[in-house]
Amino acid sequence: MAASAHPPRVVVLGLDAGTWDLLDGFIARGLMPNLARLRSRGASGKLQSSDVSSSPVIWTSIATGKTPQKHGITWFVRFPEGPGNPRPVDRTQLTSRTLWNILGDKRLDVAVVGWYVTWPAEPVNGRLVSDIAHYGSIDDEAFPPGYLSTLAPVKESEAISAMPSFMDFAYDPSRATHREGEPPSLDFLVYDRFVRAYSRDLFYSRATEALLRDGPLPEALFVYLRGTDDVQHGFWKFMDPEPFGDVPPDQVEKFGKVIERYWSWIDARVGEILAHYKEPPLVLIMSDHGAGAAVGDNVVTEHRYLHLSGAHRSQGILLANGPGVRAGATIEGAAVYDVAPTLLHYLGYAVGDDMDGHVLTGLFDPSIADRPVEHVATYETGATSQPAPALPRPGEAVDRAQLEHLRSLGYIE
Ligand SMILES: [Zn+2]
């Protein structure tokens with residue numbers, strides 16, 4: 001496949017905290033037919049995470065091929081007003097160009113939905129729905145300005161109506177607040193780990209649907225869904241009570257299938273997205289890190305985080321499917337930094353010498369694997385490479401909601 005011969009469209013799906021430890025079983029049990037199909041005719045393996053187990057940092061490494069030191073996103077929050085006053089990171093701290101910047105410069109039509117650290121939305125050669133658009137009515141939430149602005153945030157009532165498909169629990173929103181010093185209620189757990197996650201993922205799934213339905217199919221689509229991480233943090237011990245020793249059987253009954261059902265729901269979203277493509281695209285699915293029980297070295301000891309029972313693990317998943325992919329291959333030694341170089345090579349473009357990964361040739365047939373890897377010193381010189389202007393925050397309410405989420409995960413004090 002030469003670069004001039006119209007390479008296939010590309011669909012990059014970021015699914016947070018995926019681990020084959022779980023997904024192998026879900027696939028074997030028929031819970032994820034889309035991933036099962038993609039995997040059986042694709043190449044897959046583990047994806048080594050970065051040293052910093054912070055999702056905005058890692059998803060930015062995936063999008064740039066670079067370490068946090070180079071791309072500028074080093075933690076969930078930053079402290080522009082001094083310690084004790086954290087602010088969520090945003091694109092104005094980003095110091096590297098992303099795949100959608102680079103591909104856009106090559107005149108590829110790109111679309112980006114919900115990817116971490118994309119607010120404030122920047123001009124791209126295509127469409128972009130930023131990662132806090134789900135809060136609704138925020139300046140710079142999308143590009144072109146106002147794009148999909150009629151898509152409403154998902155109402156809590158909608159997540160509540162969906163609940164019976166995920167758990168057997170009589171949820172009461174009035175009990176879902178967490179008071180300082182008190183153990184979190186089950187209702188709080190469900191609100192914090194399911195309602196918010198589902199609402200966010202549903203919003204970005206709808207945004208993706210609207211984007212694929214209303215406009216031309218983008219040549220490169222990037223979609224990120226995060227709820228798979230929220231549910232593993234919140235519901236691991238109900239799925240896997242043994243290492244915890246103290247999980248009441250009735251709670252295992254109520255919540256034991258939340259994680260598998262959530263992945264099953266995500267699998268249906270993957271199917272929905274791919275159904276738009278008549279010609280098979282290159283599909284790349286990846287996770288920033290894996291997940292496992294919060295026991296042993298990963299144990300949660302601090303009282304206020306006792307509602308968390310799943311923790312990150314250093315290996316996520318990587319799955320490739322589509323034209324040029326070596327069907328049935330197992331890929332070894334892949335790392336998050338390799339995604340960007342690999343995608344550029346696949347599309348017939350040079351890899352930046354300042355990127356920290358390498359092309360995963362093992363994913364591909366000889367037509368792509370044997371093509372010499374071309375190099376360019378850097379992509380940090382393109383037309384749209386300009387520092388983002390310092391813009392006002394989206395408002396206290398959105399900042400507060402984001403910080404509250406990070407606090408409930410124990411990422412910040
Ligand atoms: Zn997490």
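1. Start with helix 1. Its buried residues pack against helix 2, strand 2, helix 10 and strand 12. Trp-20, Leu-22, Leu-23 and Ile-27 are the buried ones (a residue is buried if 20 or more other C-beta atoms lie within 10 Å of its own, exposed if 12 or fewer, and partly exposed in between, with C-beta atoms placed from the backbone). Looking down the axis of helix 1, those buried residues fall within an arc of 160°, so they line one face of the helix (the arc is that of the directions from the helix axis to the C-beta atoms). Asp-24, Gly-25 and Ala-28 are exposed on the other side of helix 1. After helix 1 comes Gly-30, with a positive phi near 80°.

2. A word on the ground rules. This is a predicted model, where local features need pLDDT of at least 70 and side-chain atom pairs count only at pLDDT 80 or more, while totals for chains, interfaces and linings use all residues. Residues are numbered from 1 along each chain as its sequence is written. Helices (H or I, at least four residues) and strands (E, at least two) are DSSP runs, numbered from the N terminus. Two residues are in contact if their C-beta atoms, placed from the backbone, lie within 7 Å.

3. Helix 2 (residues 33-40) has a buried set too: Asn-34, Leu-35, Leu-38 and Arg-39. Down the axis of helix 2 they fall within an arc of 125°, so they line one face of the helix. The buried residues of helix 2 pack against helix 1 (20-28), strand 2 (43-48), helix 10 (258-274), strand 9 (282-286) and strand 12 (315-321).

4. Now the pairing of helix 2 with helix 10. The two pack at an angle of about 65°, with their axes 7 Å apart (axes are lines fitted to C-alpha atoms, for helices over the stretch in contact, and angles run from 0 to 180 degrees between N-to-C directions). From helix 2, Pro-33, Asn-34 and Leu-35 meet Asp-267, Val-270, Gly-271 and Leu-274 of helix 10. The residues of this contact between helix 2 and helix 10 split into four nonpolar, two polar and one charged (Ala, Val, Leu, Ile, Met, Phe, Trp, Tyr, Cys and Pro count as nonpolar, Asp, Glu, Lys and Arg as charged, and the others, Gly among them, as polar).

5. Helix 10 also meets helix 8 (residues 227-239): their axes come within 8 Å and cross at roughly 150°. That makes helix 8 roughly antiparallel to helix 10 (angles under 35 degrees count as roughly parallel, over 145 as roughly antiparallel, 65 to 115 as roughly perpendicular and the rest as oblique). Helix 8 brings residues including Val-231, Phe-235, Trp-236 and Met-239 to this contact, and helix 10 brings residues including Ile-259, Tyr-262, Trp-263 and Ile-266. By class, the contact of helix 8 with helix 10 has ten nonpolar, three polar and no charged residues.

6. Nine strands form an open sheet in the order 7-6-5-8-1-9-12-2-13, with mixed pairing (two strands pair if DSSP finds at least two bridges between them). Strand 7 (142-143) and strand 13 (330-335) are at the edges with a single partner strand each, so one side of each is left without a neighbour in the sheet. Helix 10 packs on the sheet, touching strand 1, strand 8 and strand 9, and its direction makes about 165° with that of strand 1. Strands 9 and 12 pair in the antiparallel sense over four bridges, and Ile-285 stands opposite Leu-319 in strand 12.

7. Strand 8 (residues 220-225) deserves a look. Six of its six residues are buried, so strand 8 is largely enclosed by the rest of the structure. Ala-220, Phe-222 and Tyr-224 point one way, and Leu-221, Val-223 and Leu-225 the other. Strand 8 pairs in the parallel sense with strand 1 (residues 10-15) over six bridges; here Val-10 has Ala-220 as its bridge partner. It also pairs in the parallel sense with strand 5 over four bridges, where Ala-111 stands opposite Leu-221 and Val-113 is partnered by Val-223.

8. Strand 5 (residues 110-113) sends Val-110 and Val-112 one way and Ala-111 and Val-113 the other, and all are buried. Strand 5 pairs with strand 6 (residues 126-129) in the parallel sense over four bridges, with Val-113 opposite Val-129.

9. Last, helix 11 (residues 339-346) is mostly covered, with eight of its eight residues buried. Its buried residues pack against partners including strand 1, helix 3 (55-64) and helix 5 (99-105). Just after helix 11, Gly-348 takes a positive phi of about 90°.
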